[in-house]
Amino acid sequence: ADGASGGGVGAASGRFAPSGAADAAARAPLHVLPLHALLEPAEQDLALAPATAGSRKVILATNVGESSLTVPDVAYVLDLGLEKLPFLDARANMESLLLQRASVASARQRAGRCGRVGPGLCLRLFSAALMPAPRDEGETRVAADGAAADGGNAGWSDGRLPLFTVPEMQRISLASLVLKAKLIEPASSAGCLLAEALQPPDVAALTAATAELVGLGALSAGGRAVTPLGALVAALPCSAQMGRLCVLGDALGLGRQGALLAAALSLPDPFVLPFRDKPPPAQPQLQPQPHDRAAGGGGGGGGGGGVPGGFCECALGEWQFAAADVLAYRRRLELFATSGSSEPLAVLAVHAEWSRLLQSEGPPAAARYCKTVHISYKRLVELDCLARELAQRLAAQRHALRLPPPAPPATPPGARPPPCLL
């Protein structure tokens with residue numbers, strides 16, 4: 001079992017058999033099932049259902065499997081020690097998912113997923129040196145009175161895991177949170193409701209988030225009420241800015257393109273560097289030549305007839321690897337130049353070609369295309385799934401609010417969005 005979407009918990013369910021039943025268990029058929037937040041309830045129920053007789057169930061889960069739900073028959077947990085959480089990019093004022101080391105609390109929570117109804121085993125696939133010693137953890141708790149502001153989230157100076165995960169209020173934009181708080185308590189300000197949190201956000205951050213929502217049109221003047229646009233945006237699993245992009249695209253008859261742009265801007269960069277299947281050439285060992293030894297070791301001036309050739313071979317090898325790295329960006333730059341000098345539009349062009357190949361020639365052809373342009377096939381699948389989720393939730397919320405239907409498609413599905421959407 002392995003973690004899915006960057007650092008979840010891989011759990012294999014079955015009987016804990018430390019002795020002769022291991023061979024029989026290894027021959028049992030495997031049922032591999034995903035478990036993450038974007039799954040429909042019926043698909044999540046498949047992962048939660050007990051394994052059939054004579055088979056073993058393997059669940060590839062994100063960190064939703066830590067505490068959000070419990071699979072009762074899990075006997076083994078494989079923990080990669082990673083987690084992917086949203087963080088705010090202050091320069092771009094956008095949220096993005098970042099892969100990082102999990103906290104000690106998360107590691108212990110994952111270990112608690114196994115052995116719920118019987119003996120269990122948790123295998124942590126990272127060094128034990130990353131976990132703090134009990135003595136160090138006790139000292140941190142004693143000092144918690146002075147460091148309660150960060151809750152021990154700063155981590156350790158020697159690279160060990162932090163004790164706790166950074167609270168969400170301290171690492172993401174508050175715009176979506178303020179919008180949801182206004183939906184819960186329309187008559188009061190969002191600050192009154194959020195002040196009841198264990199670590200309430202800063203007043204300045206709340207003020208900035210409210211002003212941002214007013215500028216987006218999600219709140220009325222002064223932040224007094226949620227507008228119909230805000231009600232649509234609040235139902236989408238993305239930031240308020242990306243939600244407004246989806247709604248705007250839908251209103252212009254460009255719902256598919258708007259959802260794809262929002263998904264591309266919400267997910268990490270899909271472009272990847274090619275993997276080097278050969279190590280870089282080793283530095284040549286310089287051996288003194290016979291005439292060098294006769295001249296006293298060939299010091300100073302420029303003896304050693306074999307030295308220039310050795311250095312040339314090493315430099316040539318390094319140049320070849322450097323050229324391969326540069327050429328990896330060639331297709332990306334070509335897509336950037338032909339897509340209006342825009343990274344999101346370049347991703348949109350790649351997705352359109354990938355979708356065409358996937359439908360006409362099948363997954364192998366789409367995978368070969370991804371390798372040609374140095375883009376992650378898995379990331380394109382995530383982008384496509386998120387775009388579909390955004391479009392479906394927007395349509396459902398529009399129907400729930402009894403809003404008029406969106407405009408008909410203004411351009412073909414694979415066409416470039418017009419400047420009005422950009």
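Reader: Which residues does Ile375 touch, not counting residues up to four places away in sequence?
Author: This is a predicted model, where local features need pLDDT of at least 70, side-chain atom pairs count only at pLDDT 80 or more, and totals for chains, interfaces and linings use all residues. Residues are numbered from 1 along each chain as its sequence is written, and side-chain values use heavy atoms, without hydrogens and water. Contact means heavy atoms within 4.5 Å. On that basis Ile375 touches Pro270, Phe271, Val272, Val350, Cys370 and Leu380.

Reader: How many residues does the largest nonpolar core have?
Author: A nonpolar core joins buried (under 20% relative accessible area, 1.4 Å probe, protein chains only) Ala, Val, Leu, Ile, Met, Phe, Trp, Tyr and Cys residues through side-chain atoms within 4.5 Å. Ile375 and Val350 are among those with the most contacts inside the largest one. Its residue count is 50.

Reader: Is Cys114 buried or exposed?
Author: Exposed would need over 50% relative accessible area. Cys114 has 12% relative accessibility, so Cys114 counts as buried.

Reader: How many disulfides does the count come to?
Author: A disulfide is a pair of cysteine sulfur atoms within 2.5 Å. The count comes to 0 disulfides. For Cys114, the nearest cysteine sulfur is that of Cys122, 5.5 Å away. Cys114 is in no disulfide, and the count is 0.
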